[in-house]
Amino acid sequence: MPRTQDFDTAEVVARARDLFWDKGFEATSIPDLERVTGLNRSSLYNAFTNKRGLYDAAVHDYLDRVVRPRLRILTDEPTRPDAASRYYRSLAGALASLPDEAPGRGCLLLNSAAGFAAHDDAQRSVVESYQRELSGALTHALRAHDPDASAATLQHRARLLTSLSVSALLLSRVDRDEAVAVANTAVEQLEEWSPSRT
């Protein structure tokens, strides 16, 4: 007879997500995961097969609870002309409000891109999908920002803004002030692209 699960899976995944987010997949040990989740190795393996299974669950949770709610400002209909600026102001505010003693988290997915995703096809695919989702959301918002812009112009602008997002999130792990400055640079760039300035 199989054992009944006596823990909240969503809570375990959220705690593991925050640990992976801070330390990365490779630096997070099973004892670390036992400590933050309150479960022993056997329970973790029964529920998630292995550390990678728990990490994959944490990535899906991160996308659903952190990434997509933040991107909604770019894709909600009707999309406001200032949606992209609002997104970058929100990002700058979130980065600026991190307490000094908080671990610099950056982005769980981008953190992996700088580490094991370079040698892991499944994680590389997740990072690439995230980049496409961010770029698509920005393109949507840019269309509302400048309805007369050509498809090529929108693609160019979305690529530039996506790069600024990636830079700000990666820098936030080591230099919060510069990360905020990069996010604010995106706002300034959007102001320069405003049709009312041409």
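The side chain of T79 reaches the backbone oxygen of D76 at 2.8 Å, a polar contact (N or O atoms within 3.5 Å, one able to donate a hydrogen and the other to accept it; residues adjacent in sequence count only if both atoms are side-chain atoms). The model is predicted, with local features requiring pLDDT of at least 70 and side-chain atom pairs pLDDT 80 or more, while totals for chains, interfaces and linings use all residues. Residues are numbered from 1 along each chain as its sequence is written, and side-chain values use heavy atoms, without hydrogens or water.

T79 lies in the loop between α4 (51-75) and α5 (83-96); helices are DSSP runs of H or I, at least four residues, numbered from the N terminus. T79 is buried at 15% relative accessibility (buried, under 20%; exposed, over 50%; partly exposed, in between; 1.4 Å probe, protein chains only). Beyond residues up to four places away in sequence, T79 touches L74, H140, A141 and A144 (contact, heavy atoms within 4.5 Å).

Salt bridges number 14 (side-chain nitrogen of Lys or Arg within 4 Å of a carboxyl oxygen of Asp or Glu). K23 pairs with D32 at 2.8 Å. K23 is partly exposed at 35%, whereas D32 is buried at 13%. R68 and D64 form a salt bridge at 2.9 Å. Both lie in helix α4, 4 residues apart, about one turn of the helix.

E191 and R89 meet at 3.6 Å. This pair links distant parts of the chain, helix α9 (residues 176-193) and helix α5, 102 residues apart. Salt bridges with shared partners also join R17, D18, D61 and R65 into one network.

Conventions:
Helices (H or I, at least four residues) and strands (E, at least two) are DSSP runs, numbered from the N terminus.
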